[in-house]
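Subject: Structure for your review

Dear colleague,

Please find below the structure that I am handing over to you. My notes on what was found in it follow directly after.

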Amino acid sequence: MVRLHPASAAVSALRSGGQLALFALFASTAFVGMGGGDGAGPLAPLAIPAAFLVGAGAALARWYRFEYETLPDRLVVRSGVISRQDREIPLHRVQNVDVRRSVIQRTLGLSTVTVETAGGGATEATLDAVAREEADRLREELGRHGRRSDQREGRDRQDERDGATDAAGASATGSGAADAAGAGAAGDTRVAADRDAEETGERRRSEPESETLYELAGRRFAILCAVSFRPSAVIAPFVGASLFDDLLFDGGRLLVRYGIIDVEVGPGDVPSLGTGDLLSLGLLGVVGFLLVVWVVSAALTFVRYYGFRLERVGDELRYERGLLGRYSGTVPLSKVQTLTVSENAAMRRLGYASLTVDTAGYAPGSGGGGDGGVETAVPLDTRERVVALADEVRGELGDDTGGAETPSDDAFGVDTVERPPTRARRRYVARYALAALAVTAVAVGVDRLVFDLPQFVALAPLVGVALAPLAGHLTWTHRGHATASDGLVTRTGVIRRHTRLVPYFRLQTVFVSRTVFQRRRRLASVVGDSASSSGLLGGDAVAHDLDADAADRLREELLDRLRGDIAGRRRARRERRRRAASEVTPNTDETVGETDAFDTAAANGHGSDSDDGSDS
């Protein structure tokens, strides 16, 4: 078992001790200020170093009792001072191994390693912190063993099915026990040949080469900062309320000085403003608010994506980013669940887009500040280059069907998707109009029952009724679905449009949903649920508001394509193993016996096609 880096113990001790000492400082000050414990007053300053020692000692004890070890098939983590916990993480379930380094860790040469697994509700293991070289070793070791374990498990399951198939075929020939024994020997030979082929391939395989796919710098980085919107930036004007109020007040004084706003002196020398002037100040406040949000969003984007670089290492995508703290993550191509091309309104106008890649399980990179449970493969580039990289990833996902080739169809094209029926557009218009009327009713109620609002302010939401046709048309325009050669494509979103592709073989559930309002217009939505972490946050691929009959047909088509895709992948894997076995044991009696046994089983209806069909 290995402990974390000794320097991490010192950092944890200083952090925990400092936090507890700060709490003791406030607590002792409040205690003495309230006049409590006259005899204990001189002892109050001693509470601060005592609290520091307690916090630092607890951190050191946690460090001493934390151990980990990487085994061929699992990662073992032991932790806990009073209550001991042993956790074993099967490597074939590992989805992401992410590495992040804060400013202090970069100075000390440390890294924090987080391990995410499929189906996990939280980070499975956090190693805080190890040496940078150890972090790189863990990322490579866990990823390589995880992929090998995944392949071995799938091969063993297939060997069991093949063995049963061969035995059934030998029995059907009527040749008796000798033929059955020959088939069993052939099956054993094939298993051994497969394992020899794998070991030979692993010996021949050199360290994977690194290929830089994308770097964010210069003009593209500046555009990304300018057009990005970070939801966390909305609270910035409220956090810096005093500064924002000063800016608003100074702006109001300028408007008064240049005569844009007239200030009248009412009774008691109290200045008053007319309705038009109030609207001008309100507009100034909105503009100032949006300006602050835009500046903070640009700053947060700059800090987050500074030095962003995407590389391909073997069958993984690796990225690194961050100004203050560096964050590095991996995206195994074999475990990609969803591809999403996103564009906000400004990006669409300038011809740019972003690409996000989603894997199964807990939100990858969430410990590093990931947004929405997915990691960004390309923060911003021209739409053509983003789509080209997405198609390249699609080709890698299609490797199990006979070769990694870039799909010929344009799944992310602007005109690829089929829009909902036109009666869905009327539904959108009615929905927006009713929402505007509801907001107006609330404003009028506040004006009449709570306090008086400025004139006509309560009726201002009625503007939404006039804009409802435009909003409904835009919603209808940016929604749609398509069935590409390799997956379901859905599109939704006006302010930020998302085009998602879920490969057919990644679909977990396909169902049709109909709300009360949809049933009135004979509409329905088709949901393609996958194991992606974005689905936990409502990011499933949904074909909105289809004709009811078309929705049922789409569901049946998706299920048929799912079964066919899985069967095709099984046949391709079996064919590759058969070729690998023939390369390892060419022209031997065992190979001939294996081939005869397989042909005999196929002749009696137990070949690969029927096996795949029954499994599907």
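In these notes a residue is called buried if its relative accessible area is under 20%, exposed if over 50%, and partly exposed in between, with a 1.4 Å probe and protein chains only. This is a predicted model, in which local features need pLDDT of at least 70 and side-chain atom pairs count only at pLDDT 80 or more, while totals for chains, interfaces and linings use all residues. Residues are numbered from 1 along each chain as its sequence is written, and side-chain values use heavy atoms, with hydrogens and water left out.

Sheets and strands

Helices (H or I, at least four residues) and strands (E, at least two) are DSSP runs, numbered from the N terminus. Two strands are taken to pair if DSSP finds at least two bridges between them.

A second open sheet, of 3 strands, has the order β19-β20-β21 and antiparallel pairing. Here β19 (507–513) and β21 (541–547) are the edge strands, each pairing on one side only. The twist averages 15 degrees from one strand to the next. Between β19 and β20 (residues 523–530) there are 6 bridges in the antiparallel sense, and Leu507 is partnered by Ser530 in β20.

Strand β17 (residues 487–492) pairs with two strands described here. With β16 (residues 480–483) it forms 4 antiparallel bridges, and a hairpin of 3 residues joins β16 to β17. With β18 (residues 496–503) it forms 6 bridges, again antiparallel; Val489 stands opposite Leu501 in β18. In the hairpin of β17 and β18, Gly493 takes a positive phi near 105 degrees. Because 6 of the 6 residues of β17 are buried, the strand is largely enclosed by the rest of the structure.

Nonpolar core

A nonpolar core is a set of buried Ala, Val, Leu, Ile, Met, Phe, Trp, Tyr and Cys residues joined through side-chain atoms within 4.5 Å. The largest one has 40 residues, of which Leu310, Leu355 and Phe412 touch the most other members. Elements that each supply at least two residues of this core include α9 (275–305), β13 (336–344) and α11 (383–397). The largest share, 6 residues, comes from α11.

Salt bridges

A salt bridge is counted when a side-chain nitrogen of Lys or Arg is within 4 Å of a carboxyl oxygen of Asp or Glu. By this rule there are 32 salt bridges.

- Glu67 and Arg3 have their closest N and O atoms 3.9 Å apart. Glu67 is in β1 (residues 67–70) and Arg3 in the segment before α1 (6–33), so the pair ties together parts that are 64 residues apart in sequence.
- Arg137 and Glu134 have their closest N and O atoms 2.9 Å apart. Both are in α4 (residues 132–172), where a spacing of 3 residues separates them by about one helical turn.
- Glu343 and Arg497 have their closest N and O atoms 3.2 Å apart. Glu343 lies in β13 and Arg497 in β18, so this pair ties together parts that are 154 residues apart in sequence. Glu343 is buried at a relative accessible area of 2%, and Arg497 is buried at 7%.

Most residues other than glycine have a negative phi, and most peptide bonds are trans. A cis peptide bond, with omega of about 10 degrees, joins Asp128 and Ala129; Ala129 is in β6. Arg522 has a positive phi near 55 degrees and lies in the loop between α14 (516–520) and β20. Asp545 likewise has a positive phi, of about 55 degrees. Asp545 belongs to β21 and is buried, with a relative accessible area of 1%.

Yours sincerely

Definitions and conventions:
Axes are lines fitted to C-alpha atoms, for helices over the stretch in contact, and angles run from 0 to 180 degrees between N-to-C directions.
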